[in-house]
Amino acid sequence: MQKKPEGLDFSTVIASTVHDMKNSLGMLMQAYQQWSADLPADLTDNRERGVIEYESLRLNGMLVQMLSLYKLGVNQLPMRPAWMEVEDFLQAQLARHNEILGSRHITGSYEVEEDGQLAFFDAELVGSVVGNVINNSIRYARSAIHLKAWTEDEQLVLSISDDGQGYPPSMIEDQSDYVLGINMSTGSTGLGLYFGQRIAELHQRNGQKGHIQLLNGGPLNGGEFRIYLP
């Protein structure tokens with residue numbers, strides 16, 4: 001009896017498609033930036049430009065997140081930790097959102113506990129998490145977003161705070177459920193938090209694993225996301 005040929009694994013098809021979508025989006029955004037740079041300022045300084053750039057960056061973040069989660073699932077996500085100057089890292093995260101922050105009249109700021117502070121982590125993976133959180137904060141912030149880094153119990157802590165209304169109380173109380181994935185009672189996919197938790201957990205030292213935490217209050221009296229990295 002002739003053996004029936006096996007089809008492609010669907011998750012592999014999705015991952016390949018996401019990869020191609022991410023590349024296409026990158027080319028579209030590059031062409032858009034070149035095109036808009038040639039236009040007079042009065043034609044580009046408008047709300048529509050902010051919407052295009054914000055949603056494109058958000059979509060790119062979601063595609064990176066999906067692709068990374070697939071690679072995590074098949075143990076193919078490369079981990080490349082290196083010594084990094086924390087201030088440079090925070091500056092780079094804000095710089096990626098400079099134009100969007102400006103178009104929405106939101107002030108972006110940062111502070112580090114000590115000048116020249118170094119930390120050992122995967123800047124690309126952690127940057128994906130921080131970038132997604134900044135995108136989310138931009139949606140809810142009234143006028144300001146603040147990044148902060150400090151050391152706590154020998155772990156690096158990175159926080160993103162805003163002056164919005166903060167996380168819903170139920171989300172603070174049940175945050176462990178959100179980081180597990182879809183919350184059926186609220187309809188939230190929780191994918192962003194799940195992604196952040198998984199990336200944090202990849203960072204381990206002396207038996208300690210990284211983790212994330214949601215709070216309200218913080219330096220801007222709104223929502224605050226923290227990622228702890230051993």
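Before I place any residue in a helix, a note to myself: helices here are DSSP runs of at least four residues, numbered from the N terminus. I also keep in mind that this is a predicted model.

Entry: I started with Val13, which lies in helix H1. I wanted to know if this residue is buried or exposed, and the answer falls in between.

**Entry: the cores.** Next I went inside. Which residues of the largest nonpolar core touch the most other members? They are Leu158 and Phe225, in a core of 40 residues. Helix H6 (residues 123-140) supplies the largest share of this core, seven residues. I also found a second, separate core of seven residues, with Ala15, Met29, Tyr32 and Leu63 among them.

**Entry: Leu158 and Leu90.** Leaving aside neighbours within four places in sequence, I listed the contacts of Leu158, including Val86, Phe89, Leu90, Val126 and Phe225. I followed one of them, Leu90, to its place in helix H4, residues 86-95. Leu90 counts as buried because its relative accessibility is 2%. Not counting residues up to four places away in sequence, Leu90 touches Tyr110, Glu111, Val112, Leu147, Lys148, Ala149 and Leu158. Last, I checked Leu90 against Asp163: they are 73 residues apart in sequence and 19 Å apart in space, C-alpha to C-alpha.

Terms used:
Residues are numbered from 1 along each chain as its sequence is written. This is a predicted model: local features need pLDDT of at least 70, side-chain atom pairs count only at pLDDT 80 or more; totals for chains, interfaces and linings use all residues. Side-chain values use heavy atoms; hydrogens and water are left out. Helices (H or I, at least four residues) and strands (E, at least two) are DSSP runs, numbered from the N terminus. Buried means under 20% relative accessible area, exposed over 50%, partly exposed in between (1.4 Å probe, protein chains only). A nonpolar core is a set of buried Ala, Val, Leu, Ile, Met, Phe, Trp, Tyr and Cys residues joined through side-chain atoms within 4.5 Å. Contact means heavy atoms within 4.5 Å.
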